[in-house]
Amino acid sequence: MNVTAELLRTLHGVLPVCFFGVTLLFLGVTLFHYQQIKQVHLRWLRRWPLLPTGFLLLVIALGAYAVLNGQPVPVFRLGLYLAGGLCWLGAAIVSEQVLITDCGIIDGLNRADRYVGWGQILDYFPWQDPDGQVRGFAFLFADIRGKRRRLNLVVPRVRQPAFRRLLVHYLDTRFELTLQQCYGKTLKE
């Protein structure tokens with residue numbers, strides 16, 4: 001029994017250090033990738049990361065519970081869990097952003113399958129909620145293998161005017177065809 005208790009004590013001492021190290025590395029890599037993206041016109045948070053937020057709330061609640069019940073609180077371990085949770089939350093917030101750049105749309109930094117270049121987009125259309133308000137845009141595009149895919153992008157209402165201007169600039173000018181391009185000749189008057 002003494003060996004098991006010693007093993008658990010060692011594991012409980014090493015685990016917070018490892019957790020903090022991994023989440024700090026995750027934050028560093030995420031920020032490095034984020035800094036590589038240039039010429040960002042628009043950005044917004046796709047959704048709030050619930051898992052790291054829940055973890056932080058659990059750490060705070062358990063720490064408060066221990067203090068209120070007069071139990072000894074290992075401040076160093078609790079601090080490592082809290083710092084690791086903050087690193088995790090920061091990395092998740094950065095990676096959950098939608099970025100609209102000169103090159104295209106990045107719908108989540110850690111999801112390479114949801115990177116769509118402007119040249120890949122074949123067509124797009126807005127989609128609405130049941131109240132008739134535009135919620136976002138659906139993009140039909142060809143991936144690198146030539147397979148046709150669809151990206152449904154939720155666009156916050158406050159970002160929609162600027163996003164529509166970018167769509168006009170990058171897509172509508174490419175989709176608008178002149179009479180000569182459509183029919184091969186111009187109509188004579």
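## Burial and the model

A residue is called buried when its relative accessible area is under 20%, exposed when over 50%, and partly exposed in between, using a 1.4 Å probe and protein chains only. By this rule Ser 95, with a relative accessible area of 8%, is buried.

This is a predicted model, in which local features need pLDDT of at least 70 and side-chain atom pairs count only at pLDDT 80 or more, while totals for chains, interfaces and linings use all residues. Residues are numbered from 1 along each chain as its sequence is written, and side-chain values use heavy atoms, with hydrogens and water left out.

## The nonpolar cores

A nonpolar core is a set of buried Ala, Val, Leu, Ile, Met, Phe, Trp, Tyr and Cys residues joined through side-chain atoms within 4.5 Å. The largest one here has 21 residues, and those with the most contacts inside it are Ile 100, Phe 139, Leu 153 and Phe 163. At least two residues each come from strands E1 (40-45), E2 (97-101), E5 (121-128), E6 (134-142) and E7 (148-154) and from helix H4 (160-175), where helices (H or I, at least four residues) and strands (E, at least two) are DSSP runs numbered from the N terminus. Helix H4 gives the most to this core, with 5 residues.

Apart from this core lies another, of 6 residues, among them Ile 37, Val 94, Leu 99 and Leu 109.

Helix H3 covers residues 75-95 and reaches 30 Å from its first C-alpha to its last, close to the 30 Å expected at 1.5 Å a residue, a span taken as 1.5 Å times one less than the number of residues. Its buried residues include Leu 80, Tyr 81, Gly 84 and Val 94, and what covers the buried residues of H3 includes helix H1 (2-36), helix H2 (50-68) and E2.

H2 and H3 pack at an angle of about 160°, with their axes 8 Å apart; axes are lines fitted to C-alpha atoms, for helices over the stretch in contact, and angles run from 0 to 180 degrees between N-to-C directions. That makes H2 roughly antiparallel to H3, a term for angles over 145 degrees.

## Two single residues

Ser 95 lies in helix H3 and touches Thr 30, Gly 108, Leu 109 and Asn 110, not counting residues up to four places away in sequence, where contact means heavy atoms within 4.5 Å.

Gln 39, by contrast, is exposed, with a relative accessible area of 51%, and lies in the loop between H1 and E1. Phi of Gln 39 is near 55°, a positive value in a residue other than glycine, whereas most residues other than glycine have a negative phi.

Note on methods:
Parallel < 35°, antiparallel > 145°, perpendicular 65-115°, else oblique.
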